[in-house]
Amino acid sequence: MKLLTHNLLSSHVRGVGPRGFPLRLQATEVRINPVEFNPDFVARMIPKVEWAALLEAADTLHLVEVPKGPIEGYEHDEKFLRQMHHVLLEVRTGPSLASLATAG
Amino acid sequence: MAFRSKRPEHGGPPELFYDKNEARKYVRNSRMIDVQTKMAGRALELLYLPEGQPCYLLDIGCGSGLSGDYLSDEGHYWVGLDISPAMLDAALDRDTEGDLLLGDMGQGIPFKPGSFDGCISISAIQWLCNANKKSDIPAKRLYCFFSSLYSVLVRGARAVLQLYPENSEQLELITTQATKAGFTGGVVVDFPNSAKAKKFYLCLFSGPSTFMPKALNENNEEEARESEFTSESEGRLLPPHRGSTRGSAPSTQRPVPLVLTLVSTDDTR
């Protein structure tokens, strides 16, 4: 799944972290799927990102060039938006299908 | 709606009904694909998303990804949720763009608040109305679904849920829970006079809209008639309320604007 989706998922499975967030990732399978860059869309998603979870995921998956957080004036910073576009929408991770089955 | 054969929901839970054989139909049967795709198009139309802007959408009961593909073709990103492993396997085979999740919508949608710009659902939510396990209470599952859906939508976003209600009581059960969860909206009925073509779309709003949907535009009716799906359809308000006889509701020929009002069951109208 896209890292954007992983980041926005909150699991209520006990023991998965505070507020049940985030889902654990494994660096077993990482694919890059090129996606057309749309700066407005990326800019709109930035406020929703849970940065701690994103950075942890990026670390687990050995991703490089991942911004550490939103920067001043990010809406107009193409370099920042392109990096976030790549991380959130082009990096695909984990199984192609995730199960939401809760434990117990 | 004229169901000549038994309704699938009466035979057991969806994850068993939508097995490999059923899933194959959604991949091979061109008529089925055509119907599903048209409904996805109509649902997206009713979402009234701002033009030219890719959105992050939720597809409830995404199945084999037919509706999701339509969303991708329109430039949107989507996450699909379905309870049937066989249907999701078919979606994987078809290499859909969206992210697929295996889960039960009746247990809620586990996303952060304000994640999605909108939601569509094609032919799925009527499955919430049937208890397949002794512990299932349809009203509770419906409320759990609608309240979590409300939460994961951006404030002001819409959900358009095409469904096959078995009868007016079921439709009322559904709309009551949606209202309890905080939604406003109503039901649009396309082709109300055709037993075969009649389609119900539950259109829900989660708070005041942040962008002006076409439904509130006074030119809506004209624009609706020009678009492919609505040129022959007669969108009709179907406010659910107690005490009305609705076995075969009288249908009016005039199209009505798509401004909807959902009344709660406390309303005396």
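This is a predicted model: local features need pLDDT of at least 70, side-chain atom pairs count only at pLDDT 80 or more; totals for chains, interfaces and linings use all residues.

Residues are numbered from 1 along each chain as its sequence is written, chains are lettered from A in the order in which they are written, and side-chain values use heavy atoms, without hydrogens and water.

**Sheet**
- Eight strands form an open sheet with mixed pairing, in the order S3(A)-S3(B)-S2(B)-S1(B)-S4(B)-S5(B)-S7(B)-S6(B); strands are DSSP E runs of at least two residues, helices H or I runs of at least four, numbered from the N terminus, and two strands pair if DSSP finds at least two bridges between them.
- S3 (97-99) of chain A and S6 (184-190) of chain B are the edge strands, each with a single partner, so one side of each has no neighbour in the sheet.
- S3(A) runs parallel to S3 (residues 99-102) of chain B, joined by three bridges, and A:Leu97 is opposite B:Leu100.

**Interface**
- Contact (heavy atoms within 4.5 Å) links 28 residues of chain A with 26 residues of chain B.
- The chains bury about 2,200 Å² between them, 57% of it on carbon and sulfur atoms; this is the accessible area (1.4 Å probe) lost on being put together, summed over both parts.
- A:Leu8, A:Leu97 and A:Leu100 supply 26% of the area that chain A buries against chain B, more than any other three residues.
- Five salt bridges cross the interface, counted when a side-chain nitrogen of Lys or Arg is within 4 Å of a carboxyl oxygen of Asp or Glu.
- A:Arg44 forms a salt bridge with B:Asp117, with the closest N and O atoms 3.1 Å apart.

Technical notes:
Buried area is the accessible area (1.4 Å probe) that two parts lose on being put together, summed over both.
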